[in-house]
Every structure is written in structure tokens, then in C-alpha cells.
Amino acid sequence: MGVFLVWLSQSWRVWEKLVATLAGPTASVAIIILAAVASHGVIHGQALLGAPVLVTTFALIVPNTVVALWLLWRIREN
């Protein structure tokens, strides 16, 4: 919903909208992949399908919060 509202708004430039759209999901996927690689991708002979709950929560909340704060800072700048 938030990405939809960002794209509807005329307050941000296109590159800012792209950053808002792609930064959160890209960072989340990167953090989960890094967690999988850090744990060697295999636990007891089974492929690692996900990161531990804490890492997954971090990956979903922190990047999106950073993007939201950045957009807020950019809009207050105008």
C-alpha cells in the first residue's frame, strides 16, 4: 500500500520512487541470503529454507523503516 501511495504522490522524483520501491525488498532478500550463507546453507543435511526468526524480522522491518525515514526526511526538506 505504501509503495502505491509513493507512486501516486507528486512530492518525490522518479528516482526516489524507485529507491522506495526497490530498496526495502532488495535489502530484505540480501540479508536473508547472507544469513543463509553465513550458516553454510545446510543444517543436518537439509537445505536451509529460511533464516532464523530474528534475522527474518530484522530483514523485513529495518530496511523498510530506513526507507520510510529517508522519504520523510526528503519530504520535510521541500
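## A starting point

Is Ala35 buried or exposed? Ala35 is buried, with a relative accessible area of 18%; here buried means under 20% relative accessible area, exposed over 50%, and partly exposed in between, using a 1.4 Å probe and protein chains only. Ala35 lies in helix H2. From Ala35 to Ala59 the C-alpha distance is 9.9 Å, while 24 residues separate the two in sequence.

## How the model is read

This is a predicted model, where local features need pLDDT of at least 70, side-chain atom pairs count only at pLDDT 80 or more, and totals for chains, interfaces and linings use all residues. Residues are numbered from 1 along each chain as its sequence is written, and side-chain values use heavy atoms, with hydrogens and water left out.

The average pLDDT of the chain (the predictor's confidence in each residue, from 0 to 100) is 77, and 78% of the residues score at least 70. Helices (H or I, at least four residues) and strands (E, at least two) are DSSP runs, numbered from the N terminus. Where pLDDT is low, the predicted coordinates should not be read in detail.

## The nonpolar core

Val6, Trp12, Ala20, Val67 and Leu71 make up the largest nonpolar core, which has 5 residues. Such a core is a set of buried Ala, Val, Leu, Ile, Met, Phe, Trp, Tyr and Cys residues joined through side-chain atoms within 4.5 Å. Beyond its neighbours within four places in sequence, Ala20 is in contact (heavy atoms within 4.5 Å) with Val3, Val6, Val67 and Leu71.

## A network of charges

The structure holds 2 salt bridges, each a side-chain nitrogen of Lys or Arg within 4 Å of a carboxyl oxygen of Asp or Glu. Glu16 pairs with Arg13, with the closest N and O atoms 3.8 Å apart. Glu16 also forms a salt bridge with Arg74, where that distance is 2.4 Å. This second pair links distant parts of the chain, since Glu16 is in helix H2 and Arg74 in helix H3, 58 residues apart.

Together, Arg13, Glu16 and Arg74 are linked in a network of salt bridges. Glu16 is buried, at 2% relative accessible area, and Arg74 counts as buried at 11% relative accessibility, whereas Arg13 is partly exposed at 47%.
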